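Hello,

Here is the model I promised to pass on to you. Please have a look at it first, and then read my notes below.

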Amino acid sequence: MKNIKALIIAMTCMGGLSLYSCKDNATDDMIQSNRQLKVVSVTGTTFKAAGGENTITVDHPIASAYANVDWATVKADKGTNSVLVTAATNDSKQSRHATVVVKSSPADSVIVNIDQYGFVFSTSLPQSLLLSDKAQAQTYTMEVDIPPTVASTADWLKATVNGDKLSLEATENATGHPRNATVTITTSNGSTYTSNVTQAEFNKDIAGEYYLLDGDSLAAGITYGTMVDFRVNKTGAKELYFPQLALSLSVAWNDATSTLTMAGGTPMGPFVMGKTTYYLFADMIATDGYVYWDNSVTYSATIAYDEDNKATMGEFKDDGTIDASTQVNGVSIDAFKDNEASNDNYAGGLMSFGNPILIKADEESGAKSLRRSAKAFHKAPLKLAKRRLVK
């Protein structure tokens, strides 16, 4: 029965990714003894992934001792009837098992089962972290047996490890724009964990006037777009206000990632052209040639400071919300005859932006070179243009 019990305990203790070890069991549970040799004491039969040492003491002089694996080394002290068992570092996520055999004679031995946990790492540091502009220090916990190394990509953010604590120290952000850093934790087995850290406050560093540019035209050397005001509305939600239309486009905003997201079929309100009142919706243009006004189809831009252009900007990217073969590649402000986006109500497109780019307009940057042309293009006369396909 002891052999069966020892096997069950060994299997229980070999749960590969458990953060917590099984408690050391009574010595008898991990020992198989032949004849008269007995274990007097054992300091432990379970090792953490970092490795370590445990001592087995028996009641007779030791003739020999050995382990059946190379990750556990055994050294006998015949004067004290003790065996020192040393476990090497376990960089694998899998736990492992071994047996230590201690002999006082060829026919008199005792077997001690030992286990070592697999490598485990976790941290309370989120993968996306937003810090305010003030100077500050933040501390995060880690579950790890072997201390990792940590590095930050920015001078303004210092990252250090002290035991099971990870500390971040940020200086004050007085730049007037958001700034970003990546913190990388590298564990002893070579795996990495990264956190993207943004230091910004929306009203101070992000809100303001932007050029909403048609990226396709810009790539061809033509400046086309309009001015928008990225702001907080009366309800506390984020919106893009179009002065030319005197209407706003509600957007989703993720503070932690500084990401702005548009959704297809977002109503903007009524708009009068001539003697006709239309209802405007922001729709998504896709690579299949269709216009999507389904709210599940989204388009996002991460707002960050671009060191090369010396501007706060964001390029819109497909969110993968249609399917694997179809990507959103533009946004269209469309007019409908009634306050419902449908094929029957569709009147035409009022504005469209292929692969749009947002560039903040009030910074000392290359964006200033666009200011003169922006004043012209944002006042261009509006007219409806039919699209080939509408969905």
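**The four-stranded sheet**

Four strands make up an open sheet with mixed pairing, in the order S11-S17-S16-S13. Strands here are DSSP runs (E, at least two residues), numbered from the N terminus, and two strands pair if DSSP finds at least two bridges between them. The edges are held by S11 (128–131) and S13 (149–152); each has a single partner strand, so one side of each is left without a neighbour in the sheet. On average, neighbouring strands of this sheet are turned by 20° against each other, with direction ignored; the axes behind that angle are lines fitted to C-alpha atoms, and angles between N-to-C directions run from 0 to 180 degrees.

Before going further, a word on what you are looking at. This is a predicted model, in which local features need pLDDT of at least 70 and side-chain atom pairs count only at pLDDT 80 or more, while totals for chains, interfaces and linings use all residues. Residues are numbered from 1 along each chain as its sequence is written, and side-chain values use heavy atoms, with hydrogens and water left out.

**Strand by strand**

S16 and S17 form a hairpin with five residues between the strands, where Gly 190 takes a positive phi near 90°.

S14 (residues 157–162) and S15 run antiparallel and are joined by six bridges, with Leu 157 opposite Ala 170 in S15. Two residues lie between these strands in their hairpin, and Gly 163 in the turn has a positive phi of about 65°.

Which residues does Ser 167 contact, leaving aside its neighbours within four places in sequence? Ser 167 lies in S15 (residues 165–170), and its contacts (heavy atoms within 4.5 Å) are Gln 138, Thr 139, Lys 158, Ala 159 and Thr 160. Ser 167 is also 9.9 Å from Val 150, C-alpha to C-alpha, with the two 17 residues apart in sequence.

Best wishes
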